[in-house]
Amino acid sequence: MKRKNKGAAGIAIIAIVVVLVIFFGGQWNNLVKLDEDVNSAWAQVENQVKRRADLIPNIVETVKGYASHEKETFTEITKARAGVSEAKNPKELAEANDELTEAIQKLNVVVENYPKLKANQNFLDLQAQLEGTENRIATERMRYNKTVETYNQKVRRFPTNIIAKILGFEKRDYFEVSEKDKEVPEVKF
């Protein structure tokens, strides 16, 4: 009788271990998938911000032909583009993106002073590409943040939060809008 009990206890222990391995393995695989989804979404944000940064030199060169004395604006744009290239995380990229947006706004002020430039087809094409890229960035930021939301929810929910902590999966940062961008712009007519 003792042998049967030992055998049954052994089988029960093995069954429990197998169930735990399957459970932990499934949770691990799910966390890895979600982590990779976040990485992929982040790469898309970086691609679009880089695309935007790569368009800027073409616009600057077009504007330089009309407004060569606006060196300060061109220098700010160059510095802002470098910040985008050097950003290593969502917070740094958001800050660099904000600086680039501000520099582009200054460039747009310069453009307003040159009616011939505003009529230049090359400039108009570049402006249209830039506008399209801005829309792509907004879309990719939204997708990234949605992916981070899904991942963060999984990492924080019980019992996955215990497994995530043990395995080193941590909450990820959202790509957030700066305080300056949250302000409502003043419109004057």
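## Salt bridges

A salt bridge here is a side-chain nitrogen of Lys or Arg within 4 Å of a carboxyl oxygen of Asp or Glu. By this rule the count comes to eight salt bridges. The model is a predicted one. Side chains of opposite charge can pair when their charged atoms come close.

## The network around Asp54

Lys50, Asp54 and Arg81 are linked in a network of salt bridges. Take the link between Asp54 and Lys50 to begin with. Their side chains meet in a salt bridge at 3.1 Å, N to O. Both residues lie in helix α1, which covers residues 2-64. Asp54 and Lys50 are four residues apart, about one turn of the helix.

Asp54 also forms a salt bridge with Arg81, and here the closest N and O atoms are 3.6 Å apart. This pair links distant parts of the chain. Arg81 is in helix α2 (residues 71-86), Asp54 is in helix α1, and the two are 27 residues apart.

How accessible are the members of this network? Asp54 has 37% relative accessibility, so Asp54 counts as partly exposed. Lys50 is at 48% and therefore also partly exposed. Arg81, at 25% relative accessibility, counts as partly exposed.

Arg143 and Glu140 make another salt bridge, with N to O at 3.1 Å. Both lie in helix α5 (residues 121-156).

## Arg52, a buried arginine

Arg52 sits in helix α1. Its relative accessible area is 1%, so Arg52 is buried. Which side chain does the side chain of Arg52 meet in a polar contact? That partner is the side chain of Asn97, at 2.5 Å.

Neighbours within four places in sequence are left aside for the contact list. Arg52 is then in contact with Asn97, Leu100, Thr101, Ile104, Leu130, Thr133, Glu134 and Ile137.

## Aromatic pairs

A pair of aromatic rings is described by the distance of the centres and the angle of the planes. The count comes to four aromatic pairs. One of them joins Trp28 and Phe169. Their ring centres are 5.3 Å apart and their planes are at 70°, so the pair is edge-to-face. The pair links distant parts of the chain, 141 residues apart. Trp28 is in helix α1, while Phe169 is in the loop between α6 and α7 (179-182). Trp28 is at 38% relative accessibility and therefore partly exposed. Phe169 is buried, with a relative accessible area of 10%.

Trp42 and Phe175 form a tilted aromatic pair. The rings are 6.0 Å centre to centre, with 45° between the planes. Trp42 lies in helix α1 and Phe175 in the loop between α6 and α7, so the pair ties together parts that are 133 residues apart in sequence. Trp42 counts as buried at 11% relative accessibility. Phe175 is buried too, with a relative accessible area of 3%. Which residues do ring pairs link into a cluster? They are Trp42, Tyr144 and Phe175.

## A nonpolar surface patch

Which element gives the largest share of the patch? Helix α6 (residues 160-167) does, with three residues. Ile166 has its place in helix α6. Is Ile166 buried or exposed? Ile166 has 63% relative accessibility, so Ile166 counts as exposed.

Terms used:
Residues are numbered from 1 along each chain as its sequence is written. This is a predicted model: local features need pLDDT of at least 70, side-chain atom pairs count only at pLDDT 80 or more; totals for chains, interfaces and linings use all residues. Side-chain values use heavy atoms; hydrogens and water are left out. Buried means under 20% relative accessible area, exposed over 50%, partly exposed in between (1.4 Å probe, protein chains only). A polar contact is a pair of N or O atoms within 3.5 Å; within protein, one must be able to donate a hydrogen and the other to accept it, and residues adjacent in sequence count only if both atoms are side-chain atoms. Contact means heavy atoms within 4.5 Å. Rings of Phe, Tyr and Trp (its six-membered ring) pair if their centres lie within 6.5 Å; planes under 30 degrees apart count as stacked, over 60 as edge-to-face and the rest as tilted.
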